[in-house]
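Visitor: Can you walk me through this one? Let's begin with a strand and go on to the metal.
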Amino acid sequence: AETASREQLHQQMNQLSALLKVSATFRANAPLEQVLGAICSAISSALGYRLVELSLLDSETDLMIPTGWAGFAPEERRRLRTIRRQPGFYDVVMQPRFRISNSYFISHRDNPETELGTQWAFLPDIDDSTRSEDEWHQNDALAVPLQDRDGKLIGMIYVDDPRDRRLPSVEQVQVLELFAQQAAMAAENATLLGELQKSEAKYRLLTETASDMIFMLEPDGTFAFVSSSTEAILGYEPAELLGVAFSKLLSPTTAHTAPAYLVNPEGAHEREGRCEAELVRADGGLAVVEIDSAPVFENGRFRGEQGIARDISEKKRMQREITRRQRQVRRSQKREEQLSSYTATVLAAQEDERKRIARDLHDDTAQALIALSRRIEALREHLHASPETAEPLIDDLKELTDQTISSVRRFSRDLRPSLLDDLGLVAALEWLVAENARRHKITTRMKVHGQERRLPSEVELTCFRIAQEALNNTAKHAEATGAAVELYFGPNGCRLSVSDNGRGFQSGAVGPDLAHAGRMGVMGMHERAGLLGGTLTVRGTPGEGTKVTATIPLGDG
Ligand SMILES: Nc1ncnc2c1ncn2[C@@H]1O[C@H](COP(=O)(O)OP(=O)(O)OP(=O)(O)O)[C@@H](O)[C@H]1O
Ligand SMILES: [Mg+2]
């Protein structure tokens, strides 16, 4: 009997190893319930139990849920699926007095019906009429715990109704426990796999929905992974970049400043950091990115560099825009300052001008009129006394009157040349040029280009005043021997330039400094041109001369 049973066991072991192989292949990719079902069937056929049920502990609800089975009829299977066992149930099952090997055999004699009865109830009744005392009884049960690597209970296998009706031997239980180990491993793997998949899905979701580019570099600096957001930032599909060196993306300007941990990770002393880089997009444009990166080690070995590149092109553009606007504001503030100091000086100048006019009227015109009045008195006396001597007095009177008239004319022409209104800009400039040549002994030329015509009166006046001031300056400061006035009539505007061959203008000495110093000429020319939407430039070359150019636009019509 001994050899027979040993032989039987041997046979079962062979069967078992074959089945274990089958279940191992299942474990690789079959769903857990299928693997557990296969293990239950293997137990049934290898060890001869008609009914096998396998429950797993659900870590969330702490309930044991039937997950694999063999030998149950369809309607019994339906009931099986509804069973949920409380953890307290196992305290009753797993009592030292039931223990065989690491399992528990609950004999019908010990079976605490009241506690286990309802839980056991699903096991269908077996025909017992012919059984003896030392045979398997319908209320006997064998429970084999499933434990994880740390020995924690994660499930239970129940077997019932052995075909040979024998009570379980230690060897048989140990074989069963081998199956239980397989099942426990399968369950544990499935849990781990599930968690892995969950975290992988989370990770994938993160990398795929992140707007930043997530990447991994091989130790040699080529891309091992790039997230799909790369496309939005660089215009490359992730697959296009795999195997490409990170350094290939760098723009020429950042190529030499990029940190070594990104260009040649394995050769770098430092492998962690933050930097800014300019990358060349697929379309040739540039993307400014901020990169945070850190090394990846696996079992102590350097496996590469992983990082996040954030597109900061927009931020950079905005920063540039802000600086540009700030500069604009500063410029216009400065201009306002200049303008207000200019206005103040202009007001003072106007006041001076009035004083000068008052003085001139008083000193010249009024004196001349007083003189005339006196001579008329004298003439009257002569007419009474000796009318024949009056003739030269009348000549004298006429001459003085003519002189006064021309001095008043000159005076008013200085204030505003009537020439300008009557004959236009070209004639007025010609007069100005002739005056300049005559008064200051400077050879002055005048040239007109383009289609000569009358311009709006404020444009003509502005050009005239600018030419007047520029020629005054030439006379006052340039020590020039020659000057030229050129006027160009264009379709959309006119351009006036006054140049001399004098000592040249010290550029740099312009703006508010001059205004403060009471030097109004150049400022005034700028202002006049600016008021009409035009521009004015003063270019002086030391020793070669100065050229003032005013460009005034003309509206259509
Ligand atoms: N044609 C020029 N050649 C050399 N220096 C010049 C010439 N024009 C102007 N400058 C220099 O630029 C300075 C500023 O000229 P600006 O006309 O503003 O003032 P100003 O002639 O000295 O005084 P104001 O015109 O108010 O009577 C002058 O003082 C002079 O030093
Ligand atoms: Mg001047």
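Guide: Strand β7 is covered on both faces: M213, F215 and L217 on one side, I214 and M216 on the other, all buried. Buried means under 20% relative accessible area, exposed over 50%, partly exposed in between (1.4 Å probe, protein chains only). This is a predicted model: local features need pLDDT of at least 70, side-chain atom pairs pLDDT 80 or more, while totals for chains, interfaces and linings use all residues. Residues count from 1 along each chain as written, chains are lettered from A and ligands numbered from 1 in written order, and side-chain values use heavy atoms, without hydrogens or water.

Visitor: Why two sides?
Guide: In a regular strand, side chains alternate between the two faces of the sheet.

Visitor: Which strand does β7 pair with over five bridges?
Guide: β11 (residues 301-311), antiparallel. M216 stands opposite Q306 there. Strands are DSSP E runs of at least two residues, helices H or I runs of at least four, numbered from the N terminus. Pairing takes at least two DSSP bridges.

Visitor: And how many bridges join β7 to β8?
Guide: Three, also antiparallel. L217 partners F223 in β8. Five residues separate the strands in this hairpin, and G221 has a positive phi near 90°.

Visitor: Now the metal. What are the protein donors of the magnesium ion?
Guide: E469 (OE) and N473 (OD1), 2.0 Å from ligand 2. Donors are N, O and S atoms within 2.8 Å (3.2 Å for Na, K and Ca); water is not among the atoms, so sites may look incomplete.

Visitor: Where do E469 and N473 lie?
Guide: Both are in helix α15 (residues 457-478), four residues apart, about one turn.

Visitor: Is N473 buried or exposed?
Guide: Buried, at 17% relative accessibility. E469 is partly exposed, at 21%.
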